[in-house]
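Subject: Structure for you to look at

Hello,

Here is the structure I promised to pass on. My notes on what I found follow below it.

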Amino acid sequence: MRRSRILLVAAIAIVLAIAPATSGTFQPEPSVLLNLSVLNVGQGDAILITTSDDCTMLIDGGPQGAAGAILNALRENNVSTIDVLVATHPHADHIGGLPEVLDQIPVLRILDSGSVSTSKTYANYFDRIRTKGIPVAPGTMGSSFAFGPATVKILWPGDLLSTNPNDCSIVVELVYGEFSALLTGDAEADSEYEMMRLGLLSQVDALKVAHHGSASSTTAAFLSVVNPAVAIISVGAGNTYGHPSGEVLARLSGLNIEVYRTDLDGTVTVKTDGNDWRVQPEVLKPVGGITTNSAVAPVPEPVPIPTPAAPQTYYGSKNSNVFHYGWCRYVASIKAANLRVFTSRQDAVNKGYRPCAACKP
Ligand SMILES: [Zn+2]
Ligand SMILES: [Zn+2]
């Protein structure tokens, strides 16, 4: 018995030894490659994720007029079908280009935040989905699905949708082997705070900075948990919102996070085999001009840029005469029924509210 096993083992060893030379079937499998591209679509978001085993996910469709850039990127990546489309939230800078994309390429399924809008842009987007009969499911917090060799985890929105569409954004964590990325839509400080409170966040390699680098997101507390090596800001050159905010750039550079921006670097692609990863900006850095771990863009002084043109919402309670920034901890404790929303600082003051001593709006 023992002798026959030894003979069998010897026979297998001989087959193994000659097999590579005769059939080549014992060559190691090449790993699946994953590309995550934050596309240069101006002021908006569109993120294309593809794998070498033919999986495609598009997160958002940029503003109206972005479809050309998205369809080009799909062509360059030889994509003929989008497996999953994620519409993070119904703002025009995220779904504006989607009707044309949906007209041009089959989409198998859609994950939507569930937040709706009365805008014409939203109606266009929704009409296309209905006519084409594409299955739509809500992005449910805590759910996850396999995407080729990677896992897509849906971290947000929670069960109760916020009145602020940005805080309804579907937040995705993509994990492939050793690599991870957090893609945050336009989620603002309230969502960041809730995700932290619920213990949903962990350290990632790459962060798609929320809300185009607006100061209402990417809080210091959030960054201390997520602590990415690189941050990518999807933003249009010369936008009227003052994005990205100097405050956010300072928070990122203060933590030595390498920053890429679509307005300066063009489309920014992260390539990974699940082990190693690297960032490939469309516009190459000047040779020797910039060291690793520092921002590609010149980092402004860590002083908040006053942006009077930027729309800023303030919050208060029916039961007090104090108003706050959305991220202020006191806002979280205001019951939805008592929440008052002000379209500007002046609006709050005109209605007899005074600034909160904690957040100093
Ligand atoms: Zn938004
Ligand atoms: Zn946006």
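Four strands make up an open sheet, ordered β18-β16-β17-β19, with mixed pairing. Its edges are β18 (339-342) and β19 (354-355), each of which pairs on one side only. Within this sheet, β16 (residues 314-317) and β17 (residues 322-325) run antiparallel and are joined by 3 bridges. Tyr315 stands opposite His324 of β17 there.

Please keep in mind that this is a predicted model. The average pLDDT of the protein is 86, and 81% of the residues score at least 70. Two stretches need care. Residues 1-24 have a pLDDT below 50, and that stretch makes 3 contacts in the model beyond near neighbours in sequence. Residues 288-311 are also below 50, but that stretch has 39 contacts beyond near neighbours in sequence. Where pLDDT is low, the predicted coordinates should not be read in detail.

Next, strand β1 (residues 34-38). Of its 5 residues, 4 are buried, so the strand is largely enclosed by the rest of the structure. β1 pairs with β14 (residues 268-272) in the antiparallel sense over 5 bridges. It is also joined to β2 (residues 47-51) by 5 bridges, again antiparallel.

Which residues touch the most other members of the largest nonpolar core? They are Ile47, Val172, Leu174, Ala231 and Ile232, in a core of 71 residues. Strand β8 (residues 150-156) gives this core its largest share, 5 residues. Leaving out residues up to four places away in sequence, Ala231 touches Leu207, Val209, Leu252, Ile257 and Val259. Another core, of 8 residues, lies apart from the largest one, and its members include Tyr315, Phe342, Ala348 and Tyr353. Tyr315 is the residue already mentioned opposite His324.

Finally, the backbone. Most residues other than glycine have a negative phi, and most peptide bonds are trans.

- Pro157 sits in the loop between β8 and β9 (171-176).
- His243 to Pro244: these two are joined by a cis peptide bond, with omega about -5°. Pro244 belongs to the loop between β12 (230-233) and α8 (246-254).
- His211: phi is positive, about 50°, although the residue is not a glycine. His211 is in the loop between β11 (206-208) and α7 (220-226).
- Asn227: phi is near 35°, positive in a residue other than glycine. Asn227 lies in the loop between α7 and β12.

Best wishes

Conventions: Residues are numbered from 1 along each chain as its sequence is written. Chains are lettered from A and ligands numbered from 1 in the order in which they are written. This is a predicted model: local features need pLDDT of at least 70, side-chain atom pairs count only at pLDDT 80 or more; totals for chains, interfaces and linings use all residues. A residue is buried if 20 or more other C-beta atoms lie within 10 Å of its own, exposed if 12 or fewer, and partly exposed in between; C-beta atoms are placed from the backbone. Helices (H or I, at least four residues) and strands (E, at least two) are DSSP runs, numbered from the N terminus. Two strands pair if DSSP finds at least two bridges between them. A nonpolar core is a set of buried Ala, Val, Leu, Ile, Met, Phe, Trp, Tyr and Cys residues joined through C-beta atoms within 7 Å. Two residues are in contact if their C-beta atoms, placed from the backbone, lie within 7 Å. pLDDT is the predictor's confidence in each residue, from 0 to 100.
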